[in-house]
Amino acid sequence: MNPIGSRRYDAILVGGGHNGLTAAAYLARAGLRVLVLERRAILGGCCVTEEIAPGCRASTTSYIASMLRPEVIRDLRLAHHGLRMVPCEPALQVPFEDGTVLPWWSSSERTAEELRRIAPRDAAAFLATEQRLKRLARYLQPFLLEPPPDLDARGLNGAREKWRLLRRFRGIRGREITDLLAFMTGSLGELLDRDFEHDKTKRLILANSLYGKHGGPYQPGTAFGLLFHLLSGGEHEQQGFFGHVLGGMGAITQALAAAARSHGAELRTAAPVARIVVRDGQAGGVALESGEEIEAATVLSNADPKRTFLGLLEANELPESFRAAIGGIRMAGPCAKVNLVLGEEPRVSGMPADADPLRRSLFTLAPTLEQAERCYDQAKLGELSEQLWVDCVVASNVDDSLAPPGRHILTCFVQYVPYRLREGDWDRQRERLGDLVVRKVGEFAPNVPGAVIARQVLTPLDLERIYGLTEGNIFHGDLSLEQLFFMRPVAGWAQYRTPVRGLYLCGAGAHPGGGVTGAPGYNAAHQLLRDLRRRVFPLPE
Ligand SMILES: Cc1cc2nc3c(=O)[nH]c(=O)nc-3n(C[C@H](O)[C@H](O)[C@H](O)COP(=O)(O)OP(=O)(O)OC[C@H]3O[C@@H](n4cnc5c(N)ncnc54)[C@H](O)[C@@H]3O)c2cc1C
């Protein structure tokens, strides 16, 4: 593609998260002159590996790669740029108070075999539910790497958009339609109570759902999370893929950055953007906090929608109704992360003696459905529950480059915690959260509390301050049905374009949403390239 006008850059990316880097790589590959500006000293957003104690590195925020699009891995030659993933096996496992451990293997039959030992009817129900979900996931999967249908399109375009939507669901009939509606609108809790009998089965399935969700398991729409987790990922497009990334999650963004650079993109860190410059309704570049102004024909924001539209643009540059809709996006946490360096490997009670390091590398302290619901309710009211849900990964069991011999890295993803505390503030409650998490892990791996050498506690407020996530929301906006698909970031603006011509949204706040997928970045870049070819917006001189 030829340069757009006379400016030094064709496209500036505000933010070097994995989606910004993905977009930058595709745009540079298409021949555009691209500049990425990241506010932090490190690229990657919340897909990074950072030192948490001397010589000890951890995936400080995201920690498992599940839905990174295979197309992105292939197109951008991420393996060539150093990306290596090891499939999790089991994908997850839950230890219980009675000293048993229940794994969810990549083989459905093997998982069903585990369930048969505790509840034979659950084994059959598990196989049937997984089959239904896998079939439905295939209808939704193609939507990941294309913009949602444009409901406002008219005439021939309108017909084309409707055809695109219908074509994706071609062949869907009968039970599949009712299943799709049930999963989209029903609650996970009610589904599990209806179809499964044993508490352990329900906790295992809960452990594979609702991460980062603003809602307890009995909230309508929560069953949808199950479908998300059965979309494919990994190099080999495996349904329900979960992968450890060698070198930590930062290896993904390092590979993306290398791909972008190989196509000529410039990447700058410690370069916070203060303002997106708009002239006559058209994005024309950015002003940095340092005062430097950089011109570009187009701007793509990897920052979340609230930060982008309410923080980086003047109020008079956007329609008031749009600003109000953006202001109404539900965010508010509800997650935290506690990263630990240990002097010994966690010894989970009940872990089989012959479990290999891969199996010993993850365990989820999943509450019962009722506890999860109560925990969410407390968080909703601004309280910190003692019954936290903690997802643990012993990354050093899979990757000995993360810590020196004798040191172990345990990362703990925590929910539900409030963004706004009813009493006190996070600066005063941070260590209490750390203590609660370590105590909880100690209930299942008794050697952990005494083995802690270093601890990093990231509250929702820290996620906001350090990683730039408004209200600490890990997905740039909750993944609830009314904030997905053609309603993401807000209804009427799901095509990556914004009310400012030449300004695009390319992060997790856009379709298909959060998680390390690369999909919003891919889609936004392709939308911009299509717009340039069709000359949809007036190009600058
Ligand atoms: C604790 C935690 C655990 C998670 N666990 C997982 C997991 O295991 N698996 C998974 O798939 N997903 C997980 N996620 C979610 C996933 O990491 C995110 O949804 C995804 O990485 C978002 O990517 P992004 O590129 O859209 O945005 P971000 O990663 O948020 O990147 C946005 C970038 O923009 C930068 N920026 C913002 N404002 C400016 C500005 N004014 N100027 C310059 N730069 C700016 C930010 O610094 C940041 O680098 C987790 C997230 C968190 C926080």
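In this predicted model, Leu 188, Leu 192 and Asp 193 of helix 7 meet Lys 202, Ile 205 and Leu 206 of helix 8. The axes of these two helices, which span residues 188-195 and 199-206, come within 10 Å and cross at roughly 145°.

**Helix 7 and helix 8**
- The crossing of helix 7 and helix 8 is right-handed, and by class their contact comprises 4 nonpolar, no polar and 2 charged residues.

**Helix 4 and helix 6**
- The axes of helix 4 and helix 6 (residues 174-185) come within 10 Å and cross at roughly 90°, and the two helices are therefore roughly perpendicular to each other.
- On the side of helix 4 the contact is made by Thr 129, Arg 132, Leu 133, Arg 135, Leu 136 and Tyr 139, while helix 6 brings Arg 175, Glu 176, Asp 179, Leu 180 and Phe 183.
- The residues of this contact divide into 5 nonpolar, 1 polar and 5 charged.

**Helix 14 and helix 15**
- Helix 14 (residues 426-444) and helix 15 (residues 460-467) have axes that come within 9 Å and cross at roughly 115°.
- Trp 426, Asp 427 and Arg 430 of helix 14 make the contact with Pro 460, Leu 461, Asp 462 and Arg 465 of helix 15, and these residues divide into 3 nonpolar, no polar and 4 charged.

**Surroundings of helix 15**
- Helix 15 is largely enclosed by the rest of the structure, because 6 of its 8 residues are buried, namely Pro 460, Leu 461, Asp 462, Leu 463, Glu 464 and Tyr 467.
- The buried residues of helix 15 pack against strand 3 (49-53), helix 11 (305-311), strand 15 (335-342), helix 14 and strand 19 (452-458).
- Just after helix 15, Gly 468 takes a positive phi of about 75°.

**Nonpolar cores**
- The largest nonpolar core has 99 residues, and those with the most contacts inside it are Leu 227, Leu 388, Leu 410, Cys 412, Leu 433, Val 437 and Val 441.
- Helix 4 (residues 120-140) gives the most to this core, with 8 residues.
- Leaving aside residues up to four places away in sequence, Cys 412 touches Ala 336, Lys 337, Val 338, Asn 339, Leu 340, Val 390, Asp 391, Cys 392, Val 437 and Val 441.
- A second, separate core of 75 residues includes Ala 65, Ala 260, Val 273 and Leu 529.

Notes: Residues numbered from 1 in each chain as written. Predicted model: local features only at pLDDT ≥ 70, side-chain atom pairs only at ≥ 80, totals over all residues. Heavy atoms only, no water. Core = buried A, V, L, I, M, F, W, Y, C linked by side-chain atoms within 4.5 Å. Buried < 20%, exposed > 50% of the residue type's maximum accessible area, 1.4 Å probe, protein only. Helix = DSSP H or I, 4+ residues; strand = E, 2+ residues; numbered from the N terminus. Contact = heavy atoms within 4.5 Å. Axes fitted to C-alpha atoms, helices over the stretch in contact; angles between N-to-C directions. Nonpolar A, V, L, I, M, F, W, Y, C, P; charged D, E, K, R; others polar. Parallel < 35°, antiparallel > 145°, perpendicular 65-115°, else oblique. Left-handed = near helix turned anticlockwise from the far one by under 90°.
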